[in-house]
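Keep the 3D view open as you read.

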Amino acid sequence: MTSYTVINPATEQPVTQVEHTTAEQTDAAVERAARAQESWRAVAPGDRGRLLRRFAEQVDGHSAELAALETAGSGHPIGAATWEAGQVRDVLAYYAAAPERLTGRQIPVPGGLDVTFKEPLGVVGLIVPWNFPMPILSWGMAPALAAGCTVVAKPAEMTPLTAIRIGELALDAGLPDGVFQVLPGKGSVVGQRLVDHPLVRKIVFTGSTEVGQQIMAGCARNIKRLTLELGGKSANIVFADADIERAAASAPYAVFDNAGQDCCARSRILVESSVLDRFMELLEPAVTGVRVGDPTAADTEMGPLISAAHRAHVASYVPADAPVAFRGSAPDGAGFWYPPTVLAPVAASAPAYTEEIFGPVVTVTPFADEAEAVSLANDTPYGLSGSIWTENVGRAIRVARAVETGNLSVNSHSSVRYWTPFGGFKQSGLGRELGPDAVDAFTDVKNVFIATN
Ligand code: NDP
């Protein structure tokens, strides 16, 4: 059996060693999940809700421990990691109310009665990336469990620690054996087996568009249900009539959150030409003011990148002759550090402008008018997120409707709320997570006609 040494990205020191799950162990876990599903779907709705609330309480009671694990294993600043553990608790508590609301319909038909049931799909395979190990795990896990599905989760190879601990907390909360299992290991082994195994009825995948394409092809073999949350290259559009101070102060947090390792990162700032100079003047202190450093310190805003290889990948977007307008700071010495970096002016063909960087690098591009802003924002195969800054409410709505992306904020850089739907347009994904309808994505509708004459 092989294993993986988890490395602390801030110190480059080993944290612990985690054994890889094999393909045979993955098959055994899927079979266990399929057996557990028979009884889990039969648990009374109120009791299923109660167990999920207890699971939320377990997570809440261990949030400091989970946050510290994430800081050590993923390099997330402790403040952010604490919020992420809280997110798992909140998502579980939100979907704990769903089992008692999983209602079907009664549809008028001649000669009888027609009713629909929302039946749980069965075993769900949940494949999680390394950038937000806790929240993304919870977004699939909680609604699936609420729907009466059982879940086999595969965390990213580099960041398995919090998922493993959350799996233990599920058992402590009283979830029956086999209802929620966490299998650390490789995507090419565990992930692939979840995609191929006929007893897995749905895959929830968050990760790169390339792997998402392979997974979609794999799911086609068994007509397996699929949700995909993929990459992004989102725009932060600043109009001249906006509160420029607020827009500039917020822009670093729209892209450098989690060191830019965020699918919703607004990595292209588009600014109306008439206010470009003023915006850049204000952006510089906002960027240099981002507190980058020791992720265990309470006031740190940005930590390191996940690995040396990823840092080299991010750095490749900023070659020696790159048009660096200004950059923030980053510690020297051990750790996979990279400073917040602003590129301007950039060519429309530059990889930094066209590709997802997944690091703390942002480009600034001017536009002449609303039509050009929309056209630049849409000139990408992705469509996940974005922001619009304007004081004109008509324009805000017009532009929000015209930008081909799944999640937009006006005069704000916020991206995801667990009680509102989240997902991508175009190559950013398929299906929606979160929000009040997320449980439906883990059910199939069964239609039953009962003759009355
Ligand atoms: P990857 O696509 O490389 O990996 C994601 C997950 O898939 C990992 O658990 C990985 O395992 C697994 N995996 C890899 N290959 C396979 C395979 N053949 N079959 C099944 N599973 C496999 O993405 P990253 O981890 O690099 O994550 C970064 C990407 O995720 C970015 O593009 C980002 O935009 C996107 N993302 C999208 C979000 C959204 O909500 N839309 C949110 C967060 C990230 P292993 O760790 O072993 O490689």
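The ligand sits in the largest pocket. Keep in mind that this is a predicted model.

So who are the neighbours? A shell of 30 residues surrounds the ligand, and the closest are V128, G187, S208, C263 and E356. Sorted by class, the shell has 15 nonpolar, 10 polar and 5 charged residues.

| Residue | Part of the residue | Ligand atom | Distance |
|---|---|---|---|
| W130 | side chain, N or O atom | oxygen | 3.1 Å |
| L230 | backbone, polar atom | nitrogen | 2.8 Å |
| E356 | side chain, N or O atom | oxygen | 2.7 Å |

How much of the ligand does the protein cover? On its own, the ligand has 900 Å² of accessible area, and the protein covers 87% of that.

Next, the empty space. Rolling a probe the size of a water molecule over the atoms shows where such space is left. The count here comes to 4 cavities of 30 Å³ or more. The largest cavity holds about 80 Å³ of space. It is lined by 16 residues, and S234, A377, S385, V403 and T405 are the closest to its centre. The lining of this largest cavity splits into 5 nonpolar, 7 polar and 4 charged residues.

Note on methods. Residues numbered from 1 in each chain as written. Predicted model: local features only at pLDDT ≥ 70, side-chain atom pairs only at ≥ 80, totals over all residues. Heavy atoms only, no water. Near = heavy atom within 4 Å. Polar contact = N/O pair within 3.5 Å; in protein donor to acceptor, adjacent residues only side chain to side chain. Areas by Shrake-Rupley, 256 points an atom, 1.4 Å probe, with all protein chains shown as cover. 1 Å grid on protein atoms, 1.4 Å probe; cavity = no way out; pocket = protein on both sides within 12 Å on 5 of 7 lines; lining within 4 Å. Sits in = over half its atoms within 2 Å of the grid points. Nonpolar A, V, L, I, M, F, W, Y, C, P; charged D, E, K, R; others polar. Points joined across faces, edges and corners; volume = space filled by probe spheres on them.
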